[in-house]
Amino acid sequence: MAPPRAVRHAKGTMLADPASAAALDGHRDFGRAVPTPDHFLPLLYLAGLAGADGGATEVLIDGYAYGSLSMTAYTLDLSCPGADGGTAPAPPLPGDVPPDASNM
């Protein structure tokens, strides 16, 4: 399944021009992608920091929960020892963690 348009647009903005992230609220799918401000404000903090020092953001975590909730996380000037560019799967969860679809 391809990521929703709003997520692809946000990811492209954060990787190419994070200083323009505030304009993401004009995307036609913004209301569905960002149901409450707390889903968007942390992105603006990082985008502002990147814009202020001219730094580039990188994807730290890229994935989805429940099939459609983007769990993408970005970093700024962070080196992750042992990271392989985000292409490897996360380590397995402990056995007592409920599965994604359980709503527990």
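A pocket is an open set of points, on a 1 Å grid over the protein atoms alone, where a 1.4 Å probe fits, with protein on both sides within 12 Å along at least five of seven lines. This is a predicted model: local features need pLDDT of at least 70, side-chain atom pairs count only at pLDDT 80 or more, and totals for chains, interfaces and linings use all residues. Residues are numbered from 1 along each chain as its sequence is written, and side-chain values use heavy atoms, without hydrogens and water.

**The largest pocket**
- The largest pocket has a volume of about 800 Å³, a volume being the space filled by probe spheres set on the points.
- Its lining has 27 residues, where lining means having an atom within 4 Å of a point.
- V7, A33, V34, H39 and S70 are the closest of these to the pocket's centre.
- Two or more lining residues come from each of α1 (5-16), α2 (30-33), α3 (41-53), β3 (69-70) and β4 (73-76).
- Helices are DSSP runs of H or I, at least four residues, and strands are runs of E, at least two.
- α1 gives the most to this lining, with six residues.

**Residue E58**
- E58 lies in strand β1, residues 57-61.
- E58 touches L15, A73, Y74 and T75, leaving out residues up to four places away in sequence; contact means heavy atoms within 4.5 Å.

**Residue T75**
- T75 lies in strand β4.
- T75 counts as buried because its relative accessibility is 8%; buried means under 20% relative accessible area, with a 1.4 Å probe and protein chains only.
- Beyond neighbours within four places in sequence, T75 is in contact with L46, A56, T57, E58 and L60.

How values were computed
Buried < 20%, exposed > 50% of the residue type's maximum accessible area, 1.4 Å probe, protein only.
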